Amino acid sequence: MDFSLSPEEARFRDQVRGWLRDNLDDRTREAAAGHDDIELRRDWQRRVHEAGFAGVSWPRELGGQGGTLMQEVIVNQEMAAARAPDMLNVIGLYMAGPTILAHGTPEQKARHIPPLLRADEIWCQGFSEPNSGSDLASLRTRAVIDGDDFVVSGQKVWTTLAHVSRWCILLTRTDSAETAHAGLTYLIVDMQSPGVEVRPLRQITGDAEFNEMYLTDVRVPRANLLGAVGGGWRVAMTTLMHERATLGVGLQVRSRIALDELRALARTTLVDGVPRSADPVVRQRIAQLVIEVEAMRINGLRGLSRVLQGEQPGPEGSVNKLMWSELNQRIAETALDLLGPYGTLAEGEERAPRNGRWAYGYLRSRANSIEGGTSEVLRNILAERVLGLPRGR
């Protein structure tokens, strides 16, 4: 593997850095950091798209830039390194968009991709259910064909941004007589359809970006079928593989930045005039985190190399998602240990270190090992499909 950038890629990286330098300041970072501030995050994505850095590798005729996957990766890396705000339409950009490009009809691509890139229309994902979680094969939301429509009923949960979304990529069961995987069908659902009800879930952080979603006899036109009836499992795997592969490199960069901040925290936090970084136990914990971040970087590059050679995203994305979610939690836990009781103070409290940033990060990191595939499901996937171990059930 050759990890060096070509001269053209280096020029593109400098172009991204220059734009970020001119358009991103601390005020923008802080203002858009709150997940509840939807319009600020929407505005940021529009600016990124207008600059040509959203959908870099997507077709020009659909609003993309017709660039390379490597350029897409460079944008993700530079955005993470600059601590740029997350794009609002994360489900659309990293899950719905790539899936529609891979399996959608020309009409579906022309209808959905351009507004998705501009954040004019936000997307959510209807995969998880109360009694099946990340075990997609056991989902029970049903879709029955009635004339030119599917009629959908059921309940979804952990539906990020459903309260502001126009569209949902929804996995349903259309045939219970088939095997668990063969009876699934993948639909694009208009969230403004009669019968769709969204109930926000207030999280431990105080944010409400996740939701419950109830569907009662929701009519979905057959034109919104993605792939074939009964072929939803294959389409869903495209969604999940792109999610974990595309995000992988950017997540590693964000982990490295969080680790750098933790090291600085250890050097500047004093107990009886002695920095916490002088404690051998603290040093050992940080050294272990450094090793894990580096392993994550190498694994991400291995996955990227696979895709650049024309192969489908492999298990590296699942490995990195598992590593990132648990590593991110340990970084936050270590920070709170270093800060002591003051570390638990929330934003707005007078003595809260860094205005409660570490306390918020610790609480938010609890969701990391659930969202995008729980750690338990990812371990099962890796055990069965990579190590070839017997299925658990």
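Reader: Over how many bridges do strand β6 and β7 pair?
Author: This is a predicted model, in which local features need pLDDT of at least 70, side-chain atom pairs count only at pLDDT 80 or more, and totals for chains, interfaces and linings use all residues. Residues are numbered from 1 along each chain as its sequence is written, and side-chain values use heavy atoms, with hydrogens and water left out. Strands (E, at least two residues) and helices (H or I, at least four residues) are DSSP runs numbered from the N terminus, and two strands pair if DSSP finds at least two bridges between them. Strand β6 covers residues 196–201, and its antiparallel pairing with β7 has six bridges.

Reader: Which residue in β7 is the bridge partner of Val198?
Author: β6 and β7 pair in the antiparallel sense. The residue in β7 that bridges to Val198 is Met213.

Reader: Which residue in β7 stands opposite Val151?
Author: Strand β3 (residues 149–156) is joined to β7 (residues 210–221) by seven bridges, and the two run antiparallel. Opposite Val151, β7 places Arg219.

Reader: Is Gln155 buried, partly exposed or exposed?
Author: Gln155 lies in strand β3. Beyond four places in sequence, Gln155 touches Glu129, Pro130, Thr141, Glu212, Met213 and Tyr214, where contact means heavy atoms within 4.5 Å. Buried means under 20% relative accessible area, exposed over 50%, and partly exposed in between (1.4 Å probe, protein chains only). The relative accessibility of Gln155 is 23%, so this residue is partly exposed.

Reader: At roughly what angle do the axes of helix α9 and helix α10 cross?
Author: Axes are lines fitted to C-alpha atoms, for helices over the stretch in contact, and angles run from 0 to 180 degrees between N-to-C directions. For α9 (residues 316–339) and α10 (residues 357–365), the axes come within 9 Å. They cross at roughly 145°.

Reader: How far apart are the end C-alpha atoms of helix α11?
Author: The expected span of a helix is 1.5 Å times one less than its number of residues. Helix α11 (residues 375–386) has 12 residues and therefore should span 16 Å. The distance between its end C-alpha atoms agrees with this, at 15 Å.

Reader: What is the relative accessibility of His112?
Author: His112 is found in helix α6 (residues 106–117). Leaving aside neighbours within four places in sequence, His112 is in contact with Ile100, Trp123, Trp167 and Ile188. His112 counts as buried because its relative accessibility is 3%.
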